[in-house]
Amino acid sequence: MDFIAIFSIFVLACFVGYFVVWSVTPALHTPLMSVTNAISSVIIVGALIASAAAGSASSKWLGLAAVVMASINIFGGFAVTARMLAMYKKKVR
Amino acid sequence: MEFQSILSAATGEHGLAVNPWAAVAYLIAGVLFILALRGLSSPATAQSGNRFGMAGMAIAVVTTLLTHAPVTLDGGLDTIGLVEILVAIGIGAVIGIVMARKIAMTAMPQLVAAFHSLVGLAAVAVAAAAYLNPQAFGIADAAGQIFTVSRVEMGLGIAIGAITFSGSVIAFLKLNGNMSGSPIMLPGRHIINLGTLAAIIGLTAYFTFDQSPWVFWTITGLSFVIGFLLIIPIGGADMPVVVSMLNSYSGWAAAAMGFTLGNTAMIITGALVGSSGAILSYIMCRAMNRSFISVIAGGFGADAAASGGGSTEQRPWKPGSADDAAFLMSQAENVIIVPGYGMAVAQAQHALREMGDLLKKEGVNVKYAIHPVAGRMPGHMNVLLAEANVPYDEVFELEDINGEFAQCDVAFVIGANDVTNPSAKTDKTSPIYGMPVLDVEKAKTVLFVKRSMGGVGYAGVDNDVFYMDQTMMLLGDAKKMADDIVKALNGGGH
């Protein structure tokens, strides 16, 4: 993809982010942080590409290390978010 | 000349060879991430939102494994390589899930800081891997020369990633108490910081002409150093802003890597997370009436400690007991509970909820009022109350409940101080002047739980609420006081 196309997606996504995040209720700001943490670990995509490529052993090991780190974040981030969200209950009437 | 090479990189085969189905899959992953955040607009939809996020991540990972399966040098499938990758994911999964299960809710800020540091370090590792093997990422020509645009993106990615990492490590150590929360001020730190930042920007520009290893690794090293330097002068009270800011950085790091790889899922996510952290930083700054620049400049805790030693005049105040408090609240129609972080430190949230339940049984209307900086990170107090089984529809934010104090019979303040201080509204010389506060002084009676009369809040200022006629000071440990009130309510014979 050319740079301008990618950049357009980026700019539009910033606007989407702005409006979506302002609509998050303040009561859920901590889960918001833990879930954004989990999804920012989508850099695992880059780590997987590096781990899978032939040609450079150091690049591959750096990739595998990044896969471990990103996985901690992905599983830990989603799990702790789920744990917190399960605590939010409505009043029993 | 340089302009031309940027153009050729932009219009040429930049990024990986694109499989249209993979591109669609990454786009779907990005949309699912948007829905994950959208779900958080209400606790009722939040859990399904979280599942959208998980689905998006699964799609991104599986798509990458399919399009970039590990290959041997002759082009065949590398089974051992695939197993290595799956083992790496498995190790991360076990560590992550164990951490998520074990962590105490009071320690959430530390966990989030630790997670941010991992995103940062992973971004650095990916950028370094891409630098060492650029052809595998499709960002270099046949001669191994990395495209100019990719060099800029890579430089940005590694700088933001490294700053996120070292900054988050310092934030973690401060939040976890391994390092003093008081600001560490190096002499001439603004000049050192600006010089280091200028060096990073200059080297990134130079990197577009010369891709030698020393340039790349110097950018990396300096970025680790600046992350460290930026966070050490920031005091403990400002940590909610720092954690939010690092959240934002981790997003921009992911976006920079997304540019390098031409990957829409990474770019959308990076933009979402980057905006999210920036908005949370803004909300936290507004709640403390601090400008973002002054937080970054650091040193807040130190100034406050110096001004705290000023007036030590003795003013009369009215002491009260748990029995008095129990009586007053059980006779009230409306009670607003104002919890602060001191309540969580004392582990009083369960006793507090029990007190609320007993009052509700007596027919009292109980509500909780939360100041945005009541906890150690955005929304932290809401999680702590939810953990203690306080229903979320009894918990209100500052702007939604502040008008109700005038009609309430009892405001019960526990573990909070500065966020109730009326001098923030009236006294222009106060260090907290301009900070939005909860109007507890408008309540008919204020019950103020506090360890002793001597201590002052984070900002080091005295609170006029202590000395008002309608205020009763309940001195003692927050948990013990809440327990005693529960006992008194139970023993009241109702």
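Modeller: One term before we start: a residue counts as exposed over 50% relative accessible area, as buried under 20%, and as partly exposed in between. B:Lys487, at 59% relative accessibility, therefore counts as exposed. Also keep in mind that this is a predicted model.

Biologist: What else does B:Asp484 form a salt bridge with?

Modeller: B:Lys480, with 3.1 Å between the closest N and O atoms. That pair is 4 residues apart in helix α19 of chain B, again about one helical turn. B:Lys480 is exposed at 51% relative accessibility, while B:Asp484 is partly exposed, with a relative accessible area of 23%.

Biologist: How many salt bridges are there over all chains?

Modeller: The count comes to 14. Another one of them joins the side chains of B:Arg451 and B:Asp477, at 3.4 Å from N to O.

Biologist: Where do B:Arg451 and B:Asp477 lie?

Modeller: Both are in loops of chain B: B:Arg451 between β5 (445-450) and β6 (471-475), B:Asp477 between β6 and α19 (478-490). The pair therefore ties together parts that are 26 residues apart in sequence.

Biologist: And are those two buried or exposed?

Modeller: B:Arg451 counts as exposed, at 62% relative accessibility. B:Asp477 counts as partly exposed, at 28%.

Biologist: Switching to chain A. What's its secondary structure?

Modeller: It comes to 4 helices and 0 strands, so from the N terminus on the elements simply run α-α-α-α.

Biologist: What radius of gyration does chain A have?

Modeller: 18 Å, whereas a compact globule of 93 residues would be near 12 Å. Along the principal axes, the C-alpha atoms of chain A fill a box of roughly 65 × 30 × 15 Å.

Biologist: How much of chain A counts as buried?

Modeller: 61% of the 93 residues. Chain A exposes about 3200 Å², and carbon and sulfur atoms supply 75% of that.

Biologist: And the contacts in chain A, what share joins residues at least 24 apart?

Modeller: 63%, counting contacts between residues at least 6 apart in sequence.

Biologist: Which residues make the nonpolar surface patch?

Modeller: A:Phe7, A:Val11, A:Phe15, A:Tyr18, A:Phe19, A:Trp22 and B:Tyr282, over about 730 Å². Helix α1 (residues 3-22) of chain A gives the largest share, 6 residues.

Biologist: Where is B:Tyr282 found, then?

Modeller: In helix α10 (residues 264-288) of chain B. B:Tyr282 counts as partly exposed, at 46% relative accessibility.

Biologist: Last topic. What does UniProt list as "transmembrane region" in chain B?

Modeller: The unreviewed entry lists several stretches, including residues 20-40 and 215-234 of chain B.

Biologist: How far apart are the end C-alpha atoms over residues 20-40?

Modeller: 31 Å, and the chain there is 90% helix and 0% strand. Over residues 215-234 of chain B the end C-alpha atoms are 30 Å apart, with 85% helix and 0% strand.

Notes:
Residues are numbered from 1 along each chain as its sequence is written. Chains are lettered from A and ligands numbered from 1 in the order in which they are written. This is a predicted model: local features need pLDDT of at least 70, side-chain atom pairs count only at pLDDT 80 or more; totals for chains, interfaces and linings use all residues. Side-chain values use heavy atoms; hydrogens and water are left out. Helices (H or I, at least four residues) and strands (E, at least two) are DSSP runs, numbered from the N terminus. The radius of gyration is taken over C-alpha atoms; the globule rule is 2.2 Å times the number of residues to the power 0.38. Buried means under 20% relative accessible area, exposed over 50%, partly exposed in between (1.4 Å probe, protein chains only). Contact means heavy atoms within 4.5 Å. Accessible areas come from the Shrake-Rupley method with a 1.4 Å probe; for residues, only the protein chains shown count as cover. UniProt positions are given in the numbering used here, feature names are shortened, and annotations may be inferred rather than shown by experiment. Patches are made of residues with over 30% relative accessible area and no salt bridge: like charges are joined within 9 Å, nonpolar side chains (Val, Leu, Ile, Met, Phe, Trp, Tyr) within 5 Å. A salt bridge is a side-chain nitrogen of Lys or Arg within 4 Å of a carboxyl oxygen of Asp or Glu.
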